[in-house]
Amino acid sequence: MMLIDTTDALAAACDRLKQSSFVTVDTEFLRETTYWPKLCVIQMADDEGAVMVDALAAGLDFAPFFALMADESVLKVFHAARQDIEIIWHLAGIIPHPLFDTQVAAMVLGHGDSISYDQLVQRLTGAQLDKSSRFTDWSRRPLSDAQLSYAAADVTHLRKVYVKLAEGLAKRDRADWVGEEMAVLTSPSTYRQEPEEAWRRLKARIKKPKELAVLIEVCSWREREAQSRDVPRSRVLKDEALAEIAQRQPTSVEALGHLRMIPSGFERSRVGGDILEAVARGLARNPKQLPDIGDGRRPNANGASATVELLKVLLKLISEKHGVAAKVIATVDDLDRLASDDDADIPAMRGWRRDLFGEAALQLKRGELSLGLDGGRVTMIEQMASSQA
């Protein structure tokens with residue numbers, strides 16, 4: 001294990017690593033007080049050893065690291081890669097490729113929903129990881145021996161985890177299943193922070209078009225404000241306040257000040273004026289040009305609730321039968337949408353998921369498949385045709 005704090009040393013290490021067929025990668029970062037993650041440490045490993053990069057070292061140029069991440073001849077192996085990739089995308093506008101996410105592979109092989117790294121290491125290698133440094137301040141220097149050991153373990157054990165998962169995928173002919181997930185993880189759209197789409201993150205009870213229009217505008221304003229100031233969204237304004245603004249639609253300083261979730265005096269500040277302008281933009285929007293208010297939200301169609309419960313049972317049955325984590329097949333939101341729409345545009349109705357679960361779900365909805373009990377176990381029962389030609 002070596003700690004790197006100069007560009008020349010980083011370039012030499014990356015030159016060596018790119019000779020390997022795969023490199024395990026992880027990062028340590030902070031984002032409690034910022035909008036964008038603050039990269040503190042980069043860890044990489046191959047069969048010859050681990051490399052630790054002090055990302056806060058003065059004058060360090062990340063170009064050799066970014067070049068390695070973009071090198072198509074080297075597979076980059078992460079565990080739960082999304083946040084790590086988000087950092088690289090923000091700093092360099094690139095996405096590591098080709099990519100392998102061990103958490104996704106573990107789900108495909110039935111190791112549970114979103115299994116943690118230390119649990120997966122223990123299950124596949126028998127090693128017990130010391131996680132005592134997980135919540136330390138990675139921005140403080142010098143880094144302690146305990147921190148360095150912790151960070152190194154995140155990529156050294158990952159080598160064996162990757163090999164075992166790759167063997168498991170090949171044995172069960174599921175490598176393509178993981179490949180579909182990697183296509184999502186390597187899509188730039190996954191990491192673009194578009195202010196106009198920020199409203200979709202909120203779990204607000206929006207029922208009327210005007211409420212949705214205002215919500216879109218105030219969420220978009222908050223997103224741009226948080227990005228420009230590099231602070232967490234909640235530091236600008238909390239989600240509950242945005243929902244209240246969308247529902248009450250204040251058009252004056254006095255009306256904004258009367259809202260329960262708005263801090264005292266906030267309405268007369270510069271941002272108070274920005275909020276009122278966002279509300280005005282929302283009220284001026286054409287309702288016919290608004291996004292579908294049900295897009296990404298749970299539908300309330302008659303009978304959907306009971307159908308969702310049946311689909312949950314079917315999903316659990318199929319996931320256990322085939323040894324695949326239920327979450328990687330379909331989420332609860334997916335089931336909600338499928339309950340009301342046979343043509344729902346969800347992952348569960350495409351590719352291997354449709355073969356495994358989607359078609360059975362449609363059969364269940366059409367009454368061509370039923371669920372029953374056999375010795376206390378839930379089973380699928382195909383229904384005989386009511387008439388014959």
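These are my notebook entries on a predicted model.

**Entry 1: the sheet**

I began with the strands. I found an open sheet of six strands, with mixed pairing. I wrote down the order as β1-β4-β3-β2-β5-β6. Next I looked for the edges. They are β1 (2–4) and β6 (99–101), and each of these pairs on one side only.

As a reminder to myself, strands of a sheet pair through backbone hydrogen bonds, either parallel or antiparallel. I then went through some of the pairs.

- I looked up β1 and β4, and they run parallel, joined by three bridges. Within this pair, I4 has V53 of β4 as its bridge partner.
- I looked up strand β3 (residues 38–46) with strand β4 (residues 49–54), and this pair is antiparallel over six bridges. Here M44 stands opposite V51 in β4. I noted two residues between β3 and β4, which form a hairpin.
- I looked up strand β2 (residues 22–30) with β3, and seven bridges join them in the antiparallel sense. T27 has I42 in β3 as its bridge partner.

**Entry 2: how enclosed is β3?**

I checked burial along β3. Eight of its nine residues are buried, so the strand is largely enclosed by the rest of the structure.

I turned to helix α1 (residues 7–17) and helix α2 (residues 63–70). How do α1 and α2 run relative to each other, roughly parallel or roughly antiparallel? Their axes cross at roughly 20° and come within 8 Å. Angles under 35 degrees count as roughly parallel, and α1 and α2 are therefore roughly parallel to each other. I noted the crossing as left-handed. I listed the residues that make the contact. From α1 they are T7, L10, A11, C14 and L17. From α2 they are P64, F65 and L68.

**Entry 3: T102**

I picked out T102, which has its place in helix α4 (residues 102–108). Is T102 buried or exposed? Its relative accessible area is 0%, and buried means under 20%, so T102 is buried. I then asked which residues T102 is in contact with, leaving aside neighbours within four places in sequence. I found V77, F78, H79, L120, L158, V161, Y162 and L165.

**Entry 4: the HRDC annotation**

I checked the record for a domain. An unreviewed UniProt entry carries the annotation "domain: HRDC" for residues 208–289. I looked at this span in the model. It is 66% helix and 0% strand. The end C-alpha atoms of residues 208–289 lie 14 Å apart.

**Entry 5: L338**

I finished with L338, which lies in helix α15 (residues 332–340). L338 is buried too, with a relative accessible area of 0%. Which residues does L338 touch, not counting those up to four places away in sequence? I noted L311, A344, I346, M349, F357, A361, L362 and K365. I also looked up L338 against V308. They are 30 residues apart in sequence. In space they are 8.1 Å apart, C-alpha to C-alpha.

Conventions. Residues numbered from 1 in each chain as written. Predicted model: local features only at pLDDT ≥ 70, side-chain atom pairs only at ≥ 80, totals over all residues. Heavy atoms only, no water. UniProt positions renumbered as here; feature names shortened; annotations may be inferred. Helix = DSSP H or I, 4+ residues; strand = E, 2+ residues; numbered from the N terminus. Buried < 20%, exposed > 50% of the residue type's maximum accessible area, 1.4 Å probe, protein only. Pairing = 2+ DSSP bridges. Contact = heavy atoms within 4.5 Å. Axes fitted to C-alpha atoms, helices over the stretch in contact; angles between N-to-C directions. Parallel < 35°, antiparallel > 145°, perpendicular 65-115°, else oblique. Left-handed = near helix turned anticlockwise from the far one by under 90°.
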